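Have the structure open as you go.

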Amino acid sequence: MDRAEYLKMHAVEEAMWWYRGCHANLLTAYRRWAAAPAGPVLDAGCGTGGLLRKLGAALPGRPLLGMDIATVAAELAGQKSGAAICVGSINDLPFAANSMAAIFSADVIYHRGVDESRALADLHRCLAPGGVLVLNLPAYDWMMSAHDRAVHTARRYTRSRIEARLREAGFARITTSYWNTLLFPLMVLRRKLFTTNETTSDVMVYPAPIEALFRAVMRIESLALQSGLRLPFGGSVLAVAVKHG
C-alpha cells in the first residue's frame with residue numbers, strides 16, 4: 001500500500017470497528033478451528049502492528065514475529081507491538097522451513113504485488129508439521145471498488161476459491177467462513193451504489209454512536225463463530241488450514 005494508507009491504518013486500527021472485529025475473528029478462528037503446536041507465531045504482512053499487539057496479549061509466552069514489505073509499516077509495528085519485526089516479502093519469506101507453529105496473515109494475499117500460489121506455497125514451507133495458517137481476505141470480485149484501487153487489490157475471494165488454493169498449496173483440515181455479514185448490505189450500498197471518485201480507502205473511525213453499534217454487531221458475529229456457526233456471506237473470508245503432521 002501507499003505510505004498514506006499505512007499511516008491511516010496506524011492511526012485507527014486500535015479504535016475502528018472493522019479492525020477490532022477482524023482481529024477478534026482471527027483469534028476466534030485459530031482457537032476454534034485448529035490447535036497449533038508450541039513454537040513461534042508469525043504475522044506475515046503485519047502492517048502497522050495492531051494484530052501483533054493482540055496476538056501478544058492472547059498468546060503469552062510465544063515467540064512473536066512480524067514481517068511487512070514496507071519499511072514504514074515495520075517500524076510502526078515494532079513500536080506498537082514490541083515484537084521482533086523484519087522487512088520482507090510474503091512471496092519469499094525470510095524464514096527457515098518448518099520454523100513456525102502458526103502464521104497469521106490478514107488481508108495480504110489479495111494484493112497486486114503478491115503471487116498467490118507462490119505465497120501460499122512459501123507459507124506452507126515455513127510452517128512446522130501440524131502448524132496452523134490463519135487468513136483473512138476480502139470477499140467477492142464483484143465487490144471491487146474505489147477502496148480496492150486505493151489499497152492495491154488484485155483479487156477478492158469466495159470460500160471455495162481460497163479452499164481450492166490452500167489445497168493446491170498442500171494444506172489439510174481447511175475451515176472457512178464469511179464474516180461482516182450483518183453489515184454487508186450497508187457495505188454494498190457504500191461501495192457499489194454510492195460510488196465516488198475517491199482515491200483513498202474507506203479506513204476511518206466513525207462517529208462514536210456508529211462505532212459502538214458496529215462493534216456490537218461484530219461481537220454478535222464473533223459469538224456466532226465461537227459457537228461453531230459458518231456465516232453464509234459477508235464482506236470478508238476467514239480461513240484456517242493445517243500443514244500435514
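## Two loop residues with positive phi

Tyr 140 sits in the loop between β5 and α6 (146-150); helices here are DSSP runs of H or I with at least four residues, strands are runs of E with at least two, and both are numbered from the N terminus. Its phi is near 70°, a positive value in a residue other than glycine. Tyr 140 has 12% relative accessibility, so it counts as buried (buried is under 20% relative accessible area, exposed over 50%, partly exposed in between, with a 1.4 Å probe and protein chains only). Asn 180 has a positive phi too, near 55°, and isn't glycine either. You'll find Asn 180 in the loop between β6 and α8 (184-193), and at 3% relative accessibility it counts as buried.

A word on the ground rules: this is a predicted model, where local features need pLDDT of at least 70 and side-chain atom pairs count only at pLDDT 80 or more, while totals for chains, interfaces and linings use all residues. Residues are numbered from 1 along each chain as its sequence is written, and side-chain values use heavy atoms, with hydrogens and water left out.

## The sheet

Seven strands make an open sheet in the order β3-β2-β1-β4-β5-β7-β6, with mixed pairing (two strands pair if DSSP finds at least two bridges between them). At the edges stand β3 and β6 (171-179), each with a single partner strand, so one side of each has no neighbour in the sheet. The twist averages 15° from one strand to the next (axes are lines fitted to C-alpha atoms, for helices over the stretch in contact, and angles between N-to-C directions run from 0 to 180 degrees).

Now for the pairings around β5. β4 and β5 run parallel and are joined by six bridges, with Phe 104 opposite Val 134 in β5. β5 and β7 run antiparallel, with seven bridges; Val 132 has Val 242 as its bridge partner in β7, and Leu 133 stands opposite Ala 241. On the β6 side, β7 pairs with β6 in the antiparallel sense over seven bridges, and Trp 179 has Ser 236 of β7 as its bridge partner.

How buried are these strands? In β5, 10 of the 12 residues are buried, so the strand is largely enclosed by the rest of the structure. In β7, eight of eight residues are buried. Both of its faces are covered: Ser 236, Leu 238, Val 240 and Val 242 on one side, Val 237, Ala 239, Ala 241 and Lys 243 on the other.

## The nonpolar cores

The largest nonpolar core has 40 residues, and those with the most contacts inside it are Leu 26, Tyr 30, Leu 55, Phe 104 and Val 132 (a nonpolar core is a set of buried Ala, Val, Leu, Ile, Met, Phe, Trp, Tyr and Cys residues joined through side-chain atoms within 4.5 Å). At least two residues each come from α1 (3-12), α2, α3, β4, β5 (127-138), α9 (208-226) and β7 (236-243). The largest share, nine residues, is from α2. Apart from this core lies another, of 35 residues, including Ala 44, Met 67, Ile 90 and Ile 103.

Take Val 132 as an example: leaving out residues up to four places away in sequence, it touches several residues, among them Tyr 30, Ala 101, Ile 103, Leu 127 and Val 240 (contact means heavy atoms within 4.5 Å).

## Helices against the rest

The axes of α2 and α9 come within 10 Å and cross at roughly 10°. That makes the two helices roughly parallel (angles under 35 degrees count as roughly parallel, over 145 as roughly antiparallel, 65 to 115 as roughly perpendicular and the rest as oblique). Among the residues making the contact are Trp 17, Arg 20 and Trp 33 of α2, and Phe 214, Met 218 and Leu 225 of α9.

Helix α3 (residues 50-58) has Gly 50, Leu 51, Leu 52 and Leu 55 as its buried residues. What covers them includes α2 (17-33), β1 (41-44), β2 (64-68), α4 (71-81), β3 (84-87) and β4 (100-106). As for α4, this helix lies across β2 and β3, running at about 180° to β3.

## Ile 85

Ile 85 belongs to strand β3 and, at 25% relative accessibility, counts as partly exposed. Its contacts, not counting residues up to four places away in sequence, are Cys 46, Leu 52, Gly 66, Ala 74, Ala 77 and Gly 78.
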